[in-house]
Amino acid sequence: VRTVHPLGIVAKGPSWYLVSGTEAGRRTFRIDRVSSVEPTGDPVHRPEGFDLAESWREIADEVDRRRTPLKVQAVCAPKGSASSG
């Protein structure tokens, strides 16, 4: 059971997601996994300057970063340019 503050609904492929504010910060929930909803009666307040499209891009980027946490950077010298002791 969670109390969420809805900010918008977005689609990714065939799935729909609810973007929400929660006590733990901004979170997304797949709508097809929500088993029930109970209105609190509280008004919904979007943060000032909130942009759903930009928020979704940030969320998607973060998910991609978490799926591929390893980042490699390599420097290679051309053959024959290394000093030989």
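This is a predicted model: local features need pLDDT of at least 70, side-chain atom pairs count only at pLDDT 80 or more; totals for chains, interfaces and linings use all residues.
View A. Ile9 belongs to strand 1. Together with Trp16 and Ile31, Ile9 forms a nonpolar patch on the surface. The accessible area of these three residues together is about 300 Å².

**View B. Ser15 in strand 2.** Ser15 is located in strand 2. Its relative accessibility is 14%, so Ser15 counts as buried, the limit being under 20%. When residues up to four places away in sequence are not counted, Ser15 touches Val10 and Arg30.

**View C. The largest nonpolar core.** Six residues make up this core: Leu7, Val10, Tyr17, Val19, Trp56 and Ile59. Two or more residues are contributed by each of strand 1 (5–12), strand 2 (15–22) and helix 1 (52–67). In soluble globular proteins, nonpolar side chains tend to be buried together.

**View D. The aromatic pair of Tyr17 and Trp56.** The model contains one aromatic pair. Its members, Tyr17 and Trp56, are tilted, with 5.4 Å centre to centre and 40° between the planes. The pair links distant parts of the chain, as Tyr17 lies in strand 2 and Trp56 in helix 1, 39 residues apart. Both Tyr17 and Trp56 are buried.

**View E. The surroundings of Tyr17.** Leaving aside neighbours within four places in sequence, Tyr17 is in contact with Gly8, Ile9, Val10, Lys12, Phe29, Arg30, Ile31 and Trp56. Among these contacts, Val10 and Trp56 belong, like Tyr17, to the largest nonpolar core, whereas Ile9 and Ile31 are part of the surface patch.

Conventions
Residues are numbered from 1 along each chain as its sequence is written. Side-chain values use heavy atoms; hydrogens and water are left out. A nonpolar core is a set of buried Ala, Val, Leu, Ile, Met, Phe, Trp, Tyr and Cys residues joined through side-chain atoms within 4.5 Å. Buried means under 20% relative accessible area, exposed over 50%, partly exposed in between (1.4 Å probe, protein chains only). Helices (H or I, at least four residues) and strands (E, at least two) are DSSP runs, numbered from the N terminus. Contact means heavy atoms within 4.5 Å. Patches are made of residues with over 30% relative accessible area and no salt bridge: like charges are joined within 9 Å, nonpolar side chains (Val, Leu, Ile, Met, Phe, Trp, Tyr) within 5 Å. Accessible areas come from the Shrake-Rupley method with a 1.4 Å probe; for residues, only the protein chains shown count as cover. A salt bridge is a side-chain nitrogen of Lys or Arg within 4 Å of a carboxyl oxygen of Asp or Glu. Rings of Phe, Tyr and Trp (its six-membered ring) pair if their centres lie within 6.5 Å; planes under 30 degrees apart count as stacked, over 60 as edge-to-face and the rest as tilted.
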